[in-house]
Amino acid sequence: MTNPTGDVAERATAGFQREYGTEPAGRWAAPGRVNLIGEHTDYNDGFVLPFALPLRTVAAADRQDGERWTVWSELSGETITFGADEVAEPGQVTGWGAYVAGVVWALREAGHPVPGARLAIASDVPLGSGLSSSAALEAAVLAALLDLGGLELPAERQPRLAQRAENVYVGAPTGIMDQSAVIRCRAGHALFLDCRDESVEHIPFDLDAAGLAVLVIDSRAPHRHADGEYAARRKSCEAAAEALGVPALRDVSVDQLDAALARLDDEETRRRVRHVVTEDQRVLDTVALLRAGRVRDIGPLLTASHVSMRDDFEITVPEIDTAVEAALAAGALGARMTGGGFGGCVLALVHADRADAVADAVTAAYAERGFTAPGTVPVLPAPGATRLD
Ligand code: GAF
């Protein structure tokens, strides 16, 4: 993997010019995301509260006659080409190209006449860090193809289509959070999403005004069996909902939790259910505090979410727990793993003037345990997918 430098939109344009010998018709960008709180609640029809990152994936593209799609990726340095046959059924294009072919497939399957296109993709969203690089790629390509083809698909319906590309074409059983975040988020806000009906509320999240910062800490932990473990957690939640006779775990409230747990005979399943039910409530409590302008007070909810992921949902790893503990010991108001788990990133809510000290403390704790040094970056809520020009 190369370490690209320079503006990401310019890199996409330069790649397009070099590969295709002409100027692109336009450039479309989609961000990565972090989830402030609400983990593994999306596929349980529950609540999530992500915000978009200032790190983006950009697709420079033009329209072509015929049903052929050619895509260059900065990250792999490869150019791939596929035609109608490869997007007739899921699974024919593999690797990173599957996310692009999946979007073409999902659009066609939904009855949209997708134009042929040439694309050049560049990205600042790190791969495999749990910051939704896949959703960013899907959303940038989707935005480009919709515009190039003059296709109508309202923003609120785009996440489902991109999710279908990932679930069915790529074959990853993820929920609706990531695609919703990268498409629907707004600058300065977190996206309060009800994953059952996809209604949203944009919640002001003004860190500067509160004298706070969110530090994203890349644990650099290698993903350990993340795909299989994710699918196993999802299956266990669905089985528990069925055993409890509810459509989804979202339908169990915290008031009903003890009674629900008493009806389950397996201790591991009880822990999974307790995480999801309490996590939904923590999202609602976080939203209530943010609506009241009490940003500083959400810290304990973030930390409680982490403890629940660590002890009940069992999706954290030593590097992640070390980062959370070191951040809290250095004065973070709250800290938690963000994303699917088994590696990825931690977010810490810190006083703005303590951001460097917290980052240094995490780096020192890593060095002490012999872990690969973490990445740390302060972030502010950025806009969702958009056409650049
Ligand atoms: C991954 C998935 F893609 C999301 O749908 C969500 O389930 C998340 O893990 C956990 O909250 O990012």
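Me: Are Phe-51 and Phe-205 buried or exposed?

Reply: In this predicted model, both Phe-51 and Phe-205 are buried. The term rests on a cut-off: a residue is called buried when its relative accessible area is under 20%.

Me: How is a pair of aromatic rings described, and how many aromatic pairs does the structure hold?

Reply: In general, two numbers describe such a pair, namely the distance of the centres and the angle of the planes. The structure holds 7 aromatic pairs. One of them joins Phe-47 and Phe-192, with 5.8 Å from centre to centre and 40 degrees between the planes, and this pair is tilted.

Me: Which parts of the chain does the pair of Phe-47 and Phe-192 tie together?

Reply: Phe-47 belongs to strand β2 (residues 47–48) and Phe-192 to strand β7 (residues 189–194), so the pair ties together parts that are 145 residues apart in sequence. With a relative accessibility of 11%, Phe-47 counts as buried. Phe-192, at 12%, counts as buried as well.

Me: What is the geometry of the pair formed by Phe-51 and Phe-205, and where do these residues lie?

Reply: Their ring centres are 5.6 Å apart and the planes make 45 degrees, which is again a tilted arrangement. Phe-51 is in strand β3 (residues 50–64), while Phe-205 is in the loop between β8 (200–204) and β9 (212–218); the pair therefore ties together parts separated by 154 residues in sequence.

Me: In what order do the strands of the open sheet that contains β7 stand?

Reply: The open sheet has 3 strands in the order β2-β7-β8, and the pairing is antiparallel. β2 and β8 are at the edges with a single partner strand each, so one side of each has no neighbour in the sheet.

Me: How many bridges join β7 to β2, and how many join β7 to β8?

Reply: β2 and β7 pair over 2 bridges in the antiparallel sense. Between β7 and β8, which also run antiparallel, there are 5 bridges.

Me: How many residues of β7 are buried?

Reply: Of the 6 residues of β7, 5 are buried, so this strand is largely enclosed by the rest of the structure.

Me: Where do Arg-220 and Glu-314 lie, and what is phi in each?

Reply: Arg-220 is placed in the loop between β9 and α6 (226–244). Although Arg-220 is not a glycine, its phi is positive, about 55 degrees. At 44% relative accessibility, Arg-220 counts as partly exposed. Glu-314 is found in the loop between α9 (299–313) and α10 (318–329). Its phi is also positive, near 55 degrees, and with a relative accessible area of 32% Glu-314 is partly exposed.

Me: Is Phe-342 buried or exposed, and in which loop does it lie?

Reply: Phe-342 lies in the loop between β10 (334–338) and β11 (345–351). Its relative accessibility is 7%, and Phe-342 therefore counts as buried. Phe-342 and Val-317 are 25 residues apart in sequence, with a C-alpha to C-alpha distance of 5.7 Å in space.

Me: Which residues surround the ligand, and how do they divide by class?

Reply: The ligand is surrounded by Arg-33, Glu-39, His-40, Asp-42, Tyr-43, Thr-174, Gly-175, Met-177, Asp-178, Tyr-230, Gly-339 and Gly-340. By class, this shell has 3 nonpolar, 5 polar and 4 charged residues.

Terms used. Residues are numbered from 1 along each chain as its sequence is written. This is a predicted model: local features need pLDDT of at least 70, side-chain atom pairs count only at pLDDT 80 or more; totals for chains, interfaces and linings use all residues. Side-chain values use heavy atoms; hydrogens and water are left out. A residue is near a molecule or strand if one of its heavy atoms lies within 4 Å of it. Ala, Val, Leu, Ile, Met, Phe, Trp, Tyr, Cys and Pro count as nonpolar, Asp, Glu, Lys and Arg as charged, and the others, Gly among them, as polar. Rings of Phe, Tyr and Trp (its six-membered ring) pair if their centres lie within 6.5 Å; planes under 30 degrees apart count as stacked, over 60 as edge-to-face and the rest as tilted. Helices (H or I, at least four residues) and strands (E, at least two) are DSSP runs, numbered from the N terminus. Buried means under 20% relative accessible area, exposed over 50%, partly exposed in between (1.4 Å probe, protein chains only). Two strands pair if DSSP finds at least two bridges between them.
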